[in-house]
Amino acid sequence: MPALPDRVALITGAGSGIGRATALLFAQEGATVVAADKIGERAEETARLVTEDGGRAIGVTADVSVAADVTAMVEAAVGSFGRVDVLVNNAGLSVGDTILDFDEAAWDLNLDVVLKSVYLCSRAVLPGMLERKRGAICNISSVNGIFAVGESAYAAAKAGMISLTANMANHFGKDGVRVNCVAPGTIRTPIWSERLKKDPNVFDTLKVWYPLGRVGEPEDVANACLFLCSDAAAWITGVTLPVDGGLTTGNFRMNTALQGDDA
Ligand SMILES: NC(=O)c1ccc[n+]([C@@H]2O[C@H](COP(=O)([O-])OP(=O)(O)OC[C@H]3O[C@@H](n4cnc5c(N)ncnc54)[C@H](O)[C@@H]3O)[C@@H](O)[C@H]2O)c1
């Protein structure tokens, strides 16, 4: 039995990394996919990959920080497939590190693409979900939204997603709409491409901080997202699930050192 039978799933930032992996997995699990991305060719490529894999999908070009684009994106989804049952708010980027490193425009960009987009996209699909008394929304936050690991503006926006998740879950649960969040740790995707140019070994450098001994793959996040959007999670709403190889359990290297057993 597929996990998302007859569902129409709209995934933002679906042209790369976690969004693309989620689109492919959701389609394999029975969903019809609307793959949206700011870069249209990427969205189309994901839709093509889904179709080649035997699924049903369209690609849509949309900047999720722009209200008119979001309206057109949801109209395209409803026009093609009649409704949106599942929304994955995945599109994101990160600019700057400490608050002295970036200007006001960069602050606004982080907040608009990461946080305002969740408001815009959720607001656009919710009326239909509430009318049908069925819907699932999954927000892709980050461990940066849970504790301090840099990228201040991005982190503040990701923390905001966690709060918005709880409030939306609280408000709309009685009408059959569930809203959950995942908080990934380091995931091997193209978002790291600039950093990889500077340090080709960045994933090896980072993996030592993960109790499970590796960084994550896009499929690790897609699987968590699938569970939260499926009926298997029918009584789960408002949670933020770390998908982080144990990173947010605490500083295991410090604990190992305290035990006198530092590797
Ligand atoms: N990769 C990681 O280590 C990691 C860790 C924690 C959280 N995340 C989050 O996961 C999500 C996906 O990231 P990824 O690693 O797959 O990155 P990615 O760069 O591979 O993919 C992000 C996609 O979002 C699209 N996008 C960017 N701005 C957009 C906009 N305004 N409108 C529509 N689409 C837009 C990009 O074109 C791209 O295709 C992001 O929200 C990111 O913050 C990633």
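These notebook entries record what I looked up in a predicted model.

**Conventions.** I worked with a predicted model, in which local features need pLDDT of at least 70 and side-chain atom pairs count only at pLDDT 80 or more, while totals for chains, interfaces and linings use all residues. I number residues from 1 along each chain as its sequence is written, and side-chain values use heavy atoms, with hydrogens and water left out.

**Sheet.** I looked up the strand order first. Helices (H or I, at least four residues) and strands (E, at least two) are DSSP runs, numbered from the N terminus. Two strands pair if DSSP finds at least two bridges between them. I found an open sheet of seven strands with parallel pairing, ordered β3-β2-β1-β4-β5-β6-β7. Its edge strands, β3 (56-61) and β7 (240-243), each pair on one side only. On average, neighbouring strands are turned by 20° against each other, direction ignored; angles run from 0 to 180 degrees between N-to-C directions, and axes are lines fitted to C-alpha atoms, for helices over the stretch in contact. I then turned to β6 (residues 177-184), which runs parallel to β7 and is joined to β7 by four bridges. Pro-184 has Val-243 in β7 as its bridge partner.

**Helices on the sheet.** I took contact to mean heavy atoms within 4.5 Å. Helix α4 packs on the sheet and touches β1 (8-12), β4 (86-89), β5 (135-140) and β6. The direction of α4 makes about 175° with that of β4. Helix α5 (residues 152-172) also packs on the sheet, touching β4, β5, β6 and β7, and its direction makes about 160° with that of β6.

**Helix pair.** I examined α3 (residues 67-81) against α4 (residues 104-132): the two pack at an angle of about 35°, with axes 9 Å apart. From α3, Ala-67, Val-70, Met-73 and Val-74 meet Leu-120, Cys-121, Arg-123, Ala-124 and Val-125 of α4.

**Ligand.** I counted a residue as near a molecule if one of its heavy atoms lies within 4 Å of it. The ligand is surrounded by 29 residues, the closest being Ser-16, Asp-37, Asn-90, Tyr-154 and Thr-189. I next listed individual atom distances. An oxygen atom of the ligand lies 2.6 Å from a polar side-chain atom of Ser-16. A polar backbone atom of Val-64 is 3.0 Å from a nitrogen atom of the ligand. For Lys-158, an N or O atom in the side chain is 2.9 Å from an oxygen atom of the ligand.

**Backbone.** Most residues other than glycine have a negative phi. I noted that Lys-133, not a glycine, has a positive phi of about 55°; Lys-133 lies in the loop between α4 and β5. Glu-151, also not a glycine, has a positive phi of about 55° and sits in the loop between β5 and α5.

How values were computed
Polar contact = N/O pair within 3.5 Å; in protein donor to acceptor, adjacent residues only side chain to side chain.
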